[in-house]
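Have the viewer open while you read.

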Amino acid sequence: MMTPTQVTVSAAEWEIMRVVWANEAVTSRKVIDTLEDKMEWKESTIKTLIGRLVEKDALQTVKEGRKYIYTALISEEDTVKSYSEDILSRVCNKDNGKVVRNLIEDATLSQEDIAELMDLLQEKAVSAPEEVACECAVGQCDCHLA
C-alpha cells in the first residue's frame, strides 16, 4: 500500500474511501447505493470522485466482466494517522494539547476508548517535558511576542 503522505484525500473523497475501507472490495454500484442518499450526491458525482481516487492511486480497479471492483491502495489507519499529523503540524507545538482536548471533547467515546486514552496519557506523563517548545518562525504565533 502507498503511504498516505503521497495521497491527499479531500473530504468528499474521504466518504468514498470509508465505503471501500469498510467493504474491502466494492463496485461503484455499492458506493453509489451507500452514499447517494446520505450525501445527496448524484451518481455522476460519485463516479467522478471514484475516478479521481483511481487517478491518485488511492484506489485500484479490477475489471470483472462488466463490473469494476475497487480496492484501497492506502490504509485507513495510515490515512487517519497522516491526517492527525497534518492537523498538529498546522498549529504551534504549544497548542497541541488544546487541539487534542478539542478533539476529545467533540468525540463520542466508548468506555474502552477512554480507558485506552487514560493509559496512553499516563505513559506519556512519565517522559513529558514540563513545557513544550515552540518551533514556529518568529511572528508565526504569539509565543515570541512580548
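This is a predicted model: local features need pLDDT of at least 70, side-chain atom pairs count only at pLDDT 80 or more; totals for chains, interfaces and linings use all residues.

Now for the pairings themselves. E2 and E3 are joined by six bridges in the antiparallel sense, while E1 and E3 pair, again antiparallel, over three bridges. Elsewhere in E3, Tyr 68 stands opposite Lys 63. The hairpin of E2 and E3 has two residues between the strands, and Gly 65 in that hairpin takes a positive phi near 65°.

## A helix on the sheet

Which residues of H3 are buried? They are Ile 46, Leu 49, Ile 50 and Leu 53. Looking down the axis of H3, you find these buried residues within an arc of 100°, so they line one face of the helix. The general rule behind such a pattern is that an α-helix has 3.6 residues a turn, so residues three or four places apart point the same way. As for what they pack against, the buried residues of H3 meet helix H1 (11-23) and helix H2 (28-39), plus strand E2 (59-64) and strand E3 (67-72).

## Positive phi angles

Most residues other than glycine have a negative phi, and a few spots here are worth a click. Glu 24, in the loop between H1 and E1, has a positive phi near 70°. Buried or exposed, where does Glu 24 fall? Its relative accessibility is 65%, and the cut-off for exposed is over 50%, so Glu 24 counts as exposed.

Glu 40 is another non-glycine residue with a positive phi, about 55°. You'll find Glu 40 in the loop between H2 and H3, and it counts as exposed because its relative accessibility is 71%.

## The whole chain

Zooming out, the chain has six helices and three strands. Starting at the N terminus, the elements run α-β-α-α-β-β-α-α-α.

What about overall dimensions? The radius of gyration of the chain is 20 Å, whereas a compact globule of 146 residues would come in near 15 Å. Along the principal axes, the C-alpha atoms fill a box of roughly 65 × 40 × 30 Å. Of the 146 residues, 23% count as buried. On the contact side, take the contacts between residues at least 6 apart in sequence: 56% of them join residues at least 24 apart.

How values were computed
Residues are numbered from 1 along each chain as its sequence is written. Side-chain values use heavy atoms; hydrogens and water are left out. Buried means under 20% relative accessible area, exposed over 50%, partly exposed in between (1.4 Å probe, protein chains only). Helices (H or I, at least four residues) and strands (E, at least two) are DSSP runs, numbered from the N terminus. The arc is that of the directions from the helix axis to the C-beta atoms. Contact means heavy atoms within 4.5 Å. Two strands pair if DSSP finds at least two bridges between them. The radius of gyration is taken over C-alpha atoms; the globule rule is 2.2 Å times the number of residues to the power 0.38.
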